[in-house]
Amino acid sequence: MDKLQMITALYAAICGLLLVFMAVRVSYTRGKEKVDLGDGGKDAMLRAMRTHGNAAEYIPISLILLFFLEMQGSAHWFLHLCGIALVVSRLLHMQGLMQSAKLTPGRLMGTGLGWALITVMSLDNLFHIL
């Protein structure tokens, strides 16, 4: 497989680094807030945990769908568009949730973009197999 056919690997690597960043942020917040397990009733701890947890919930299915689109021969521009949308959605969501536990514009746009991306990639995968 040549490098042009490893688009999913690029976005998996970027998302992997994002997940590590978020995990480190959880550990840092644990130390700062003196919370060993759970959220300790601390808003900052809960937001750090949910930022990481939400990414861990949505990134895998997005990458799986992207991988299958790549294996089915989707256009490279479309795969990159999906990969960029995935990274942007996660960054927006992270930024928004880091700001506040309330619904922020970043959180709203990140969630909406993530749901739209999963929907589009799911439908495109269905189109390829039906």
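**Contacts, helices and exposure in a predicted chain**

Colleague: Leaving aside its neighbours within four places in sequence, which residues is Ala 55 in contact with?
Modeller: The model is predicted, and contact here requires heavy atoms within 4.5 Å. Once the neighbours within four places in sequence are set aside, the partners of Ala 55 are Leu 19, Met 22, Pro 60 and Arg 90.

Colleague: Is Ala 55 buried or exposed?
Modeller: Ala 55 belongs to helix H2, which covers residues 43–71. A residue counts as buried under 20% relative accessible area. The value for Ala 55 is 0%, so Ala 55 is buried.

Colleague: What separates the C-alpha atoms of Ala 55 and Arg 107?
Modeller: Along the chain, Ala 55 and Arg 107 are 52 residues apart.

Colleague: How many helices and strands does the secondary structure of the chain come to?
Modeller: Read from the N terminus, the elements run α-α-α-α. The secondary structure therefore comes to 4 helices and 0 strands.

Colleague: How far does H1 reach from its first C-alpha to its last?
Modeller: Helix H1 takes in residues 7–33 and has 27 residues. At 1.5 Å a residue the expected reach of H1 is 39 Å, and the model is close to that. From the first C-alpha of H1 to the last, the reach is 39 Å.

Colleague: What covers the buried residues of H1?
Modeller: The buried residues of H1 include Ile 7, Tyr 11, Cys 15, Leu 18 and Met 22. Arg 25 and Thr 29 are also among them. The cover over the buried residues of H1 includes H2 and H3.

Colleague: Is Lys 34 buried or exposed?
Modeller: The exposed class begins over 50% relative accessible area. Lys 34 has 71%, so Lys 34 is exposed.

Colleague: Why is the pair of Trp 77 and Phe 78 classed as it is, and what is the class?
Modeller: The structure holds 2 aromatic pairs. In the pair of Trp 77 and Phe 78, the ring centres are 5.9 Å apart and the planes stand at 80 degrees. Ring centres within 6.5 Å make a pair, and planes over 60 degrees apart set the class. The pair of Trp 77 and Phe 78 is therefore edge-to-face.

Colleague: Of Trp 77 and Phe 78, which counts as buried?
Modeller: Trp 77 has a relative accessibility of 61% and therefore counts as exposed. The value of 16% is under the 20% cut-off, so the residue that counts as buried is Phe 78.

Colleague: How far apart are the end C-alpha atoms of H4?
Modeller: Helix H4 comprises residues 105–129, which makes 25 residues. At 1.5 Å a residue, H4 should span 36 Å, and the model agrees. The end C-alpha atoms of H4 are apart by 36 Å.

Colleague: What covers the buried residues of H4?
Modeller: Gly 106, Gly 110 and Gly 114 are among the buried residues of H4. Asp 124 and Asn 125 are also among them. Their cover includes H2 and helix H3 (76–99).

Colleague: Is Phe 127 buried or exposed?
Modeller: Phe 127 is placed in helix H4. From Leu 97 it is 30 residues away in sequence and 34 Å away in space, C-alpha to C-alpha. With 64% relative accessibility, Phe 127 therefore counts as exposed.

Colleague: What percentage of the residues in the chain is buried?
Modeller: The chain has 130 residues, and its C-alpha trace spans about 50 × 30 × 20 Å along the principal axes. Its accessible surface comes to about 7600 Å², with 72% of that belonging to carbon and sulfur atoms. The buried residues make up 36%.

Key. Residues numbered from 1 in each chain as written. Predicted model: local features only at pLDDT ≥ 70, side-chain atom pairs only at ≥ 80, totals over all residues. Heavy atoms only, no water. Helix = DSSP H or I, 4+ residues; strand = E, 2+ residues; numbered from the N terminus. Buried < 20%, exposed > 50% of the residue type's maximum accessible area, 1.4 Å probe, protein only. Phe/Tyr/Trp six-rings, centres within 6.5 Å; stacked < 30°, edge-to-face > 60°. Expected span 1.5 Å × (residues − 1). Areas by Shrake-Rupley, 256 points an atom, 1.4 Å probe, with all protein chains shown as cover.
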